[in-house]
Amino acid sequence: MPTDPLKNARDSYDVIVIGSGLAGLTAANTLARAGHSVLLLEQHSKLGGLATWFRRRGGHIFDVSLHGFPFGMVKSCRRYWNRRIADSIVQIKNIRFDNPMFSLSTSYERDDFTRLLTTRFQVPPASVDAFFDAARKMNHYDDQSATTGQLFHRFFPGREDVVRLLMEPITYANGSTLEDPALTYGIVFSNFMSKGVFTFRGGTDRLIGLMRDEMTGNGVDVRTRCDVERIRVAGRRVEGVSVGGRVIKTRAIVSNANLKATIFDLVGPEQFDPDFVEQARAVRLNNSSTQVYMALRPGESIDEDACGDLLFSSTAPAFRTELLLSRRATSRTYSFYYPKSRPGSDRSMIVASTNANYGDWADLPKAEYEEAKRALIRDTLDAVARYVPDVRRKLDHVECATPLTFQRYTKHVDGASFGTKFEGLAVSRALPGRIAGLYHAGSVGIIMSGWLGTVNYGVIVANDVDAHLMNNSSQTPSRAEVSP
Ligand SMILES: Cc1cc2nc3c(=O)[nH]c(=O)nc-3n(C[C@H](O)[C@H](O)[C@H](O)COP(=O)(O)OP(=O)(O)OC[C@H]3O[C@@H](n4cnc5c(N)ncnc54)[C@H](O)[C@@H]3O)c2cc1C
């Protein structure tokens, strides 16, 4: 008989967090540190959401979304997690681009990009400086009508090669396009340019393990394999969740589930005013992804100088968003993981990622879907052979993930890899004004996605929840009152 994942769980908590993505974990930890009793419910057997990993026979461990994040993670992890986590964050210094327009290596920092833009791309230094300054000054309160395409046109008219250099990595990082508001680009690009690209030494499994230890040490009641069926609302106020045949009461809920799933499946549209339902329906989801995971045999290695840490590779003659999403991929981002990524390991791994449309995969009949997966692996191995000659011979294991995989493991509507487009942020922020005690924290609005965006959003929302709990008289005992 399987054990009850809710065994000994209490009947009520100050806060229930639904989902253990980085925003959910950070919100839970922050609220527990503030002295609230917190129940964290995750439907999967593992914590982490998209910040995940998996093991395969032969001792291989694949990281799914550990490709790179900005330096800001160090500060956020030190402040809202702990020093051990922050101190494991290290820079990756060799970022490569290889496409028909240019082939180059960079540390992806402002100084190095300025050097490249002024020497290699022959852009006047004044234009480069003005562009960096304009991007850095952008914030959420700016005019949101200008698009990223217009921003590039203002500083680099007619320069498709420069646009490609500036845009391709950000499109991979958060699914944003030339048509999205310029401020989404400016904020994310400047975050990276401040100090470059960083990774977590030891792998995602180590990070999530350390987070779990910190959270449980702070008193969070962590439960996996707990799929929340319903957020219960009465009189425009949350009263609890239905999960595993039980109702657990609470004064505040932080949903880390997909924004649309939270509104339409967990709460239900009937609980909201029609204008809000309309606003929520209009929110566009961001794209999904495919990945091919390749493990080299123990002892086989990758030429680090030739491949770098992160490689943006494309055979497309020019940068076009729709090409990046196409099932017949011409562009891929490779993450090369050397044994040093996981100290003590002798393994080298390659993960090739593309952005992808859910609809291109979801509507395929079973046999065609399986064939499309085989084609994805075949085409990727052909493509990677340019950088890792003889890769097929060196391989010990290969498999792939499609948008359906991401949907299945995280319940994200349409397998969205980066939450929603910009308008999702306003809807996420408006929830507590519609239903008292209902909050959402998770990738939305492009700027609140990615590892750094979701950790920071978890903190912002935790502070809102803390204020809500402090302003409302206590109906459930706090952790301090019930702890032995
Ligand atoms: C292929 C890929 C590569 C990426 N690469 C990078 C990268 O290099 N750098 C970077 O910064 N970001 C990257 N990202 C994005 C980053 O991983 C995500 O933005 C971030 O991890 C999302 O965190 P989140 O808090 O929004 O929650 P999510 O990770 O989306 O997790 C939501 C959680 O809620 C749970 N849940 C959903 N419904 C329920 C329910 N009803 N009951 C209980 N639990 C539920 C899910 O199981 C899941 O655990 C990548 C994403 C993908 C897909």
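The ligand is surrounded by 39 residues, of which G19, G21, G49, H67 and G450 are the closest; a residue counts here if its C-beta atom, placed from the backbone, lies within 6 Å of the molecule. The structure is a predicted model, in which local features need pLDDT of at least 70, side-chain atom pairs count only at pLDDT 80 or more, and totals for chains, interfaces and linings use all residues. Residues are numbered from 1 along each chain as its sequence is written.

The shell around the ligand comprises 13 nonpolar, 23 polar and three charged residues, with Gly counted as polar. At least two shell residues come from each of the elements tabulated below; helices (H or I, at least four residues) and strands (E, at least two) are DSSP runs, numbered from the N terminus.

| Element | Residues |
|---|---|
| α1 | 22-33 |
| β14 | 288-296 |
| α17 | 403-410 |
| α19 | 450-471 |

Strand β14 belongs to an open sheet of seven strands with mixed pairing, in the order β8-β7-β15-β16-β17-β14-β18; pairing requires at least two DSSP bridges between two strands. Its edge strands, β8 (103-106) and β18 (395-401), each pair on one side only. Neighbouring strands of the sheet are turned by 15 degrees against each other on average, direction ignored. β14 and β18 are antiparallel and share six bridges, and A295 stands opposite H397 in β18.

Helix α17 packs on this sheet, touching β14, β17 (349-356) and β18, where contact means C-beta atoms, placed from the backbone, within 7 Å. The direction of α17 makes about 95 degrees with that of β14, on a scale from 0 to 180 degrees between N-to-C directions of axes fitted to C-alpha atoms, for helices over the stretch in contact.

Notes
Contact = placed C-beta atoms within 7 Å.
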